[in-house]
Amino acid sequence: MKEIGKHSREKMEGTTMKKKLLAVLTLILAFSMVFAAACSKPAETAPADGGSSAPAADAPAASDTARDSLNIGVFLDTGTLDPLFMTGKGGYLSVQRTYSEPLWDYNLDTGERFWVLATAFDPVEGPDSDIHYTMKVREGVTFSNGNPLTADDILFTIKLNAADSRAFLNVKVFDVEKTTVVDDYTLDVWYTAFDPSQEPGIVQMQIVDAESYDQATYSDNPVGTGAYVVTDYVVNSHVTVEARDDYWGEAPIIKKINFKCLGELSQRVNAVETGDVDYTLVTTADIDYINSLGTAATEISNVGSSLIAQYNMRSNSPLATKEAREAVSYCINRQAISDVAYNGYAALLEWGASASFIEMQDRYLNMSELYTDSYNVEKAKELAETAGLAGKTLRIVTNGDANYITAAEVIQNGLEELGVKAEIVNYDQASYFSFLMSDEDEYDIAINTPVAPSNLPADIFGNYPVFIPQGWTGADHDKYIALGKETNATADLAARQDLVYDLLLQFNEHLLWYGLCEDPLVYAYSTELKGIVHTVSGLTLYQDMYF
């Protein structure tokens with residue numbers, strides 16, 4: 001088992017989320033989680049008093065380390081280092097974690113919360129204990145520009161996220177008017193309503209310096225509290241970070257990290273083979289080859305990520321009717337997507353999301369015949385004729401990721417059997433993410449990966465359609481959104497699970513998207529690299545690595 005990160009690993013005591021998050025471990029491990037024991041250090045015992053934990057016994061001292069620099073392969077650069085706007089699955093969110101930090105996070109292996117910039121988040125006793133909390137801010141922390149971290153920075157960041165359509169889900173139930181600063185290291189926090197996904201969901205929010213924050217400068221020169229500071233950044237080329245001398249936590253053994261933007265898969269595989277990178281994302285097709293090198297190994301991870309065909313439901317779309325969307329779904333050979341894109345390692349979905357979600361129930365699965373009778377071309381043709389799809393041209397969009405493109409090509413081939421043409425358009429990650437949120441006219445089918453840091457069904461099905469509107473409007477839309485809000489505001493677990501079931505009934509009735517397969521992550525790493533730690537949200541903590 002991998003250890004909890006060396007930096008600020010204090011255990012969460014008495015939290016109501018602990019049991020839920022421990023369930024993540026069980027579910028994810030059950031779904032083909034393969035972690036290499038060779039890249040682990042023994043777990044540490046973190047003190048419960050808010051103090052720093054001691055390094056593991058086998059961790060080498062910095063002076064004994066042969067290498068103090070690390071080379072990482074990344075891709076899908078969004079063109080900014082501003083933590084408010086970074087997106088994507090190409091590794092850049094982990095880049096951001098080197099120079100900026102959240103309030104807390106959760107270890108993937110144990111499911112336990114560990115404190116980062118906060119040291120406590122306790123409900124205030126009374127009738128409002130579900131929505132009223134006291135947050136304590138870690139003392140003695142400075143930003144890379146020398147400014148001290150205070151509660152004012154936390155509240156500023158919360159308001160900044162709440163005001164932006166791309167980041168508001170990080171703080172979706174924070175009452176920014178009622179939440180106030182008590183003193184330099186205390187906040188009086190209020191929610192607008194209870195939401196079980198809020199505490200795990202806020203890990204995406206990286207704290208910025210209220211005094212210096214500016215979008216224009218943070219894009220290239222971000223200021224954060226992380227163990228590293230950005231020293232060089234060229235879009236779609238590289239990011240270089242160097243260790244800070246004044247970091248509040250334990251100094252990392254790795255003093256310099258070079259992130260190399262390698263957009264082509266072949267570049268990343270070749271870089272692993274030549275030793276040009278020590279760690280990078282590859283694909284399932286590369287597992288056997290990389291493991292055969294002797295100098296590198298692989299690990300497979302699934303953290304709630306899955307591949308879907310997301311439909312445009314605007315009134316003038318060829319897919320405006322459910323029959324049209326069903327026709328497309330039935331013509332998709334999902335097994336071919338798994339075989340070609342993931343070398344058969346990706347399990348087919350039985351609903352519209354990953355199997356590794358918390359609070360899952362068997363009754364949520366296979367609620368639609370699209371999952372029990374999938375890839376039925378004859379049924380697809382009947383529905384296509386009813387919907388008048390023949391002869392039309394659909395636009396399928398991707399973010400340029402190789403697996404997304406493969407899925408699009410499989411769908412394109414299936415549509416040909418229905419007499420439907422398909423145009424595939426591959427965007428860069430930044431453009432793709434932007435128009436999915438704001439311009440439904442740009443696509444008919446989007447190959448997408450709906451994820452929620454909370455790994456809660458209520459979050460993904462209740463909130464994602466708010467975040468990505470898909471051109472859906474009208475009374476049915478309003479009813480669905482209202483039910484999603486009610487589901488996420490329900491504190492009682494059994495009642496919330498019943499509401500999720502009702503939400504899924506509506507989801508399947510309208511078919512917002514069709515679940516294709518799991519989207520496992522495959523990491524390739526040098527066999528000399530140790531201390532590999534992942535968070536529940538899929539980030540890699542590079543400051544914990546060593547050789």
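The views below come from a predicted model.

**Figure 1**
Asn 426 and Ile 405 are 21 residues apart in sequence. Their C-alpha atoms are 7.5 Å apart in space.

**Figure 2. The protein chain as a whole, for orientation.**
The protein chain contains 16 helices and 18 strands. It has 547 residues, and buried residues make up 60% of them. Consider the contacts with a separation of 6 or more: residues 24 or more positions apart account for 72% of these. The mean pLDDT of the chain is 86. A pLDDT of 70 or more is reached by 87% of the residues. Residues 1-63 are another matter: over this stretch the pLDDT is below 50. In the model the stretch still has 156 contacts beyond near neighbours in sequence.

**Figure 3. Helix H2 is mostly covered.**
Helix H2 runs over residues 92-99. Eight of its eight residues are buried. They are Tyr 92, Leu 93, Ser 94, Val 95, Gln 96, Arg 97, Thr 98 and Tyr 99. What do the buried residues of H2 pack against? They meet strands E1 (69-74), E2 (104-106) and E3 (113-115), and also strands E8 (228-234), E9 (238-243) and E10 (256-261).

**Figure 4. Helix H14 packs against helix H15.**
H14 spans residues 457-467, and H15 spans residues 475-488. The two pack at an angle of about 140 degrees, and their axes are 9 Å apart. H14 is therefore oblique to H15. Their crossing is left-handed. On the H14 side, the contact is made by Ala 458, Asp 459, Phe 461, Gly 462, Asn 463, Pro 465 and Val 466. On the H15 side, Tyr 480, Ile 481, Gly 484, Thr 487 and Asn 488 take part. Sorted by class, this contact has six nonpolar, five polar and one charged residues.

**Figure 5. Helix H14 also packs against helix H16.**
H16 covers residues 493-510. H14 and H16 pack at an angle of about 40 degrees, with axes 10 Å apart. This angle makes H14 oblique to H16. The crossing of H14 and H16 is left-handed. From H14, Pro 457, Ala 458, Phe 461 and Gly 462 come into contact with H16. Their partners in H16 are Arg 496, Val 500, Leu 503, Leu 504 and Phe 507. By class, the contact of H14 with H16 has seven nonpolar, one polar and one charged residues.

**Figure 6. Trp 472 sits in the loop between H14 and H15.**
Is this tryptophan, Trp 472, buried or exposed? Trp 472 is buried, because its relative accessible area of 9% falls under the 20% cut-off. Leaving out residues up to four places away in sequence, Trp 472 touches Met 313, His 477, Tyr 480, His 510 and Leu 512. Trp 472 and Leu 512 are 40 residues apart along the chain. A distance of 8.7 Å separates their C-alpha atoms.

**Figure 7. Two residues, Leu 511 and Asn 366, have a positive phi.**
Most residues other than glycine have a negative phi. Leu 511 is not a glycine, yet its phi is positive, at about 50 degrees. Leu 511 lies in the loop between H16 and strand E17 (513-518). With a relative accessibility of 4%, Leu 511 counts as buried. Asn 366 is not a glycine either, and has a positive phi of about 55 degrees. Asn 366 is found in the loop that links helix H9 (334-342) and helix H10 (369-372). At 30% relative accessibility, Asn 366 counts as partly exposed.

How values were computed:
Residues are numbered from 1 along each chain as its sequence is written. This is a predicted model: local features need pLDDT of at least 70, side-chain atom pairs count only at pLDDT 80 or more; totals for chains, interfaces and linings use all residues. Side-chain values use heavy atoms; hydrogens and water are left out. Axes are lines fitted to C-alpha atoms, for helices over the stretch in contact, and angles run from 0 to 180 degrees between N-to-C directions. Helices (H or I, at least four residues) and strands (E, at least two) are DSSP runs, numbered from the N terminus. Angles under 35 degrees count as roughly parallel, over 145 as roughly antiparallel, 65 to 115 as roughly perpendicular and the rest as oblique. A crossing is left-handed if the near helix is turned anticlockwise from the far one by less than a right angle, and right-handed if clockwise. Contact means heavy atoms within 4.5 Å. Ala, Val, Leu, Ile, Met, Phe, Trp, Tyr, Cys and Pro count as nonpolar, Asp, Glu, Lys and Arg as charged, and the others, Gly among them, as polar. Buried means under 20% relative accessible area, exposed over 50%, partly exposed in between (1.4 Å probe, protein chains only). pLDDT is the predictor's confidence in each residue, from 0 to 100.
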